[in-house]
Amino acid sequence: MSDTGVKVPLQRIDAYRWRIPQSYQPEMRVPGIVYADDVLIEQIRQDNSLQQVANVATLPGIVGYSLAMPDIHWGYGFPVGGVAATDVETGVVSPGGIGFDINCGVRLLATGLSYQEVKGKADRLADELFQHLPSGVGGKGMRSLSERELREVMVRGAAWAVEQGYGFPEDLEVTEEGGCLTGASPEAVSTTAIQRGVNQLGSLGAGNHFCEVQVVDYIYDEEAARALGLYKDQVVTTIHCGSRGFGHQIAEDYIRVAESKQKDFGFKLVDRQLACLPLRSDLGKSYLGAMACGANFAWANRQLLMHGVRQAFSRVFGRQARPAEMPLVYDVCHNIAKIEEYRINGELQRVCVHRKGATRAFPAGHPAVPEKYRAVGQPVLIPGDMGRYSFVLVGAPGSMEQSFGTTCHGAGRQRSRTAAKKAISSKDLMAQLEAKGIAVRVHSKGLLAEEAPLAYKDAEQVVRVVHNAGLARLVARLRPIIVVKG
């Protein structure tokens, strides 16, 4: 991405935080805070994302700060990696501030297999995974739904999938929100969204979505790793996907509605992409109800994909990897809005937290953390790029004090898809990955270069910032051995 010429002023707070002063533009209601070290802040300056942080600070009812995680990059309205909380009584919800892939998220499965047991069968396992996990732009999923079934998915999320045989009740215990966001309103979802969703449940899609088989190659925190069931040389699997065309259509529908209503609500926004709806308005409530439907679809989607992963391992490794022997470690989401409570200026306040490409990171002792992890904190799953590392962390107390219980969600782009394709061919990228011992299966080889490692920031540097800033604590590093993509 090229330098836009926009020079947003930054005031250094400490080694890992920078302030955008509220005086930068008169419409700002709160300052901006950006999490980055010296290297990352220079990369962040190369696109328009800092201006977007300032723009988000102008939203009606915003409280605290407009926040940006170290994986921040330019997005629609909000930057990807942006976080904002608005007062539930006087504030708004911005559909663009949640994003088009509602509840895009990450889930991590453990196995009892070591790298030595898997590496000789990696190609066969890659083939099985590719066969079991539908992928590609607009591709059909593992399960076609009637409209009645889709409505059940909208309301019940991952629990519906478990009842249909795609997993176990234990999976729900370690899924954020139990795999179901309350308040879903199927009547707030358009016919077009329903038509897009009925055939896509249980599919990866394309873009930056993937399934990776990985090896735990480094442990930072032995106690937390034990609590999560992770150990060195263990083989694990990460799934990253969201609500597919169903969630995308919900976002499209409500962004269009919000844009048409700004004058009616008396809003004069600095960027039309920030179009928003008062939380107390009928339209605001309708969007939150529709967004919950999209979120629940995404949880059911990942539940089906996990079932496919378990099937693939079982076919290759037999009794060593029966589905019940591949426990879900955790499922965490991003691209979502939630009503939560935080202490702001000394008083408890209910707010709508927008996490656009940002991940919840609640600390040890928080009641929303599954009981089995409560002593160490909520698992935080941060995928990197397909050629380097991904990371497991746990939430830290600093997240509640600083960032509305939030941390980063990935490495973050530093080159656009177009620039990445110009920098490397898909053929050369495949050769590079195979030379590293990474088996790649991809539905659309021509799109592979868009997701090349060179397109992303170094995830290790990103997670070091949130670790050192006290938002989340490093637990384990994962190295890819198989990549399945759309």
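**Burial and overall build**

Reply: Of the 486 residues in the chain, 63% are buried, where buried means under 20% relative accessible area, exposed over 50% and partly exposed in between, with a 1.4 Å probe and protein chains only. Keep in mind that this is a predicted model: local features need pLDDT of at least 70, side-chain atom pairs count only at pLDDT 80 or more, and totals for chains, interfaces and linings use all residues. Residues are numbered from 1 along each chain as its sequence is written, and side-chain values use heavy atoms, with hydrogens and water left out.

Me: How many helices and strands are in the chain?

Reply: The chain has 16 helices and 19 strands. They are DSSP runs numbered from the N terminus, helices being H or I with at least four residues and strands E with at least two.

Me: And what is the radius of gyration of the chain?

Reply: It comes to 21 Å, close to the 23 Å from the globule rule for 486 residues, so the chain is as compact as a globular protein of that length. That radius is taken over C-alpha atoms, and the rule is 2.2 Å times the number of residues to the power 0.38. The C-alpha trace spans about 60 × 50 × 45 Å along its principal axes.

Me: Let's switch to α16. Which residues are buried there?

Reply: In α16, residues 459-468, the buried ones are A459, V462, V463, V465 and V466. They sit on the same side of α16, because they cover an arc of only 150° around the axis. The arc is that of the directions from the helix axis to the C-beta atoms.

Me: What does D458 do at the start of that helix?

Reply: A side-chain oxygen of D458 comes to within 2.9 Å of the backbone nitrogen of E460. That's a polar contact: a pair of N or O atoms within 3.5 Å, where within protein one must be able to donate a hydrogen and the other to accept it, and residues adjacent in sequence count only if both atoms are side-chain atoms. After α16 comes G470, with a positive phi near 85°.

Me: Now H132. Buried or exposed?

Reply: Buried, at a relative accessible area of 17%. H132 belongs to helix α5, residues 122-132, and a polar atom of the H132 side chain is 2.9 Å from the backbone oxygen of E128.

Me: What is H132 in contact with, leaving aside neighbours within four places in sequence?

Reply: M142, G308, Q311, A312 and R315, with contact meaning heavy atoms within 4.5 Å.

Me: Where does F362 lie?

Reply: F362 is in the loop between β14 (358-360) and β15 (379-382), and counts as buried at 4% relative accessibility. Leaving aside neighbours within four places in sequence, F362 has contacts including E340, Y342, R355 and M400.

Me: Last topic: what are the phi values of N103 and N345?

Reply: Phi of N103 is near 55°, positive in a residue other than glycine. N345 also has a positive phi near 55° and is likewise not a glycine. N103 sits in the loop between α3 (95-98) and β7 (105-114), while N345 is in the loop between β12 (336-344) and β13 (347-356).

Me: And burial for those two: which is N103, and which is N345?

Reply: N103 counts as buried, at 0% relative accessibility. N345 is exposed, with a relative accessible area of 79%.
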